[in-house]
Amino acid sequence: MRYSPTEKREIIALVERSHLPVRRTLDKLGIASTTVYRWCDRYRSFGMDGLEVASPALDRS
């Protein structure tokens, strides 16, 4: 499933506010932790632009 940049930011915020461990929160949401960590890195580096659909310029894989 593809998430909009706004949805990605909301998921990041939800994980940050959760009283549960990150993995457990993400398991409940059905999202891989590697995916959210990648979103976090891109958000820290590029702001909301980093949460747009991945482009080769932003892809570090």
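User: In which helix does Ser-33 lie?
Analyst: This is a predicted model, in which local features need pLDDT of at least 70 and side-chain atom pairs count only at pLDDT 80 or more, while totals for chains, interfaces and linings use all residues. Residues are numbered from 1 along each chain as its sequence is written, and side-chain values use heavy atoms, with hydrogens and water left out. Helices (DSSP runs of H or I, at least four residues) and strands (runs of E, at least two) are numbered from the N terminus. The run that holds Ser-33 covers residues 33-46, and that is helix α3.

User: Is Ser-33 buried or exposed?
Analyst: Buried means under 20% relative accessible area, exposed over 50%, and partly exposed in between, with a 1.4 Å probe and protein chains only. Ser-33 has a relative accessibility of 11%, so Ser-33 is buried.

User: Which residues does Ser-33 touch, not counting residues up to four places away in sequence?
Analyst: Contact means heavy atoms within 4.5 Å. With residues up to four places away in sequence not counted, Ser-33 touches Arg-23 and Leu-26.

User: Is Leu-26 buried or exposed?
Analyst: Leu-26 has its place in helix α2. Its relative accessibility is 1%, so Leu-26 counts as buried.

User: What separates the C-alpha atoms of Leu-26 and Ile-12?
Analyst: Leu-26 and Ile-12 are 14 residues apart along the chain. The separation of their C-alpha atoms is 10.0 Å.

User: Why does Thr-25 count as buried?
Analyst: Thr-25 lies in helix α2, residues 22-29. Leaving aside neighbours within four places in sequence, Thr-25 is in contact with Val-15, Ser-18 and Leu-20. Thr-25 counts as buried because its relative accessibility is 6%.

User: What is the orientation of α1 to α2?
Analyst: Axes are lines fitted to C-alpha atoms, for helices over the stretch in contact, and angles run from 0 to 180 degrees between N-to-C directions. Angles under 35 degrees count as roughly parallel, over 145 as roughly antiparallel, 65 to 115 as roughly perpendicular and the rest as oblique. The axes of helix α1 (residues 5-17) and α2 come within 9 Å and cross at roughly 135°. That angle makes α1, relative to α2, oblique.

User: How many nonpolar, polar and charged residues are in the contact of α1 with α2?
Analyst: From α1 the contact takes Ile-11, Leu-14 and Val-15, and from α2 it takes Val-22, Thr-25, Leu-26 and Leu-29. Ala, Val, Leu, Ile, Met, Phe, Trp, Tyr, Cys and Pro count as nonpolar, Asp, Glu, Lys and Arg as charged, and the others, Gly among them, as polar. The residues of this contact divide into 6 nonpolar, 1 polar and no charged.

User: What is the orientation of α1 to α3?
Analyst: The axes of α1 and α3 come within 10 Å and cross at roughly 105°. That angle makes α1, relative to α3, roughly perpendicular.

User: How many charged residues are in the contact of α1 with α3?
Analyst: Lys-8, Arg-9, Ile-11 and Ile-12 in α1 meet Val-36, Trp-39, Cys-40 and Tyr-43 in α3. The contact has 6 nonpolar residues and no polar ones, and its charged residues number 2.

User: Which residues does Glu-52 touch, not counting residues up to four places away in sequence?
Analyst: Glu-52 is found in the segment after α3. At 41% relative accessibility, Glu-52 counts as partly exposed. With residues up to four places away in sequence not counted, Glu-52 touches Pro-5 and Lys-8.

User: What separates the C-alpha atoms of Glu-52 and Tyr-3?
Analyst: The two residues are 49 residues apart along the chain. Their C-alpha atoms are separated by 9.1 Å.
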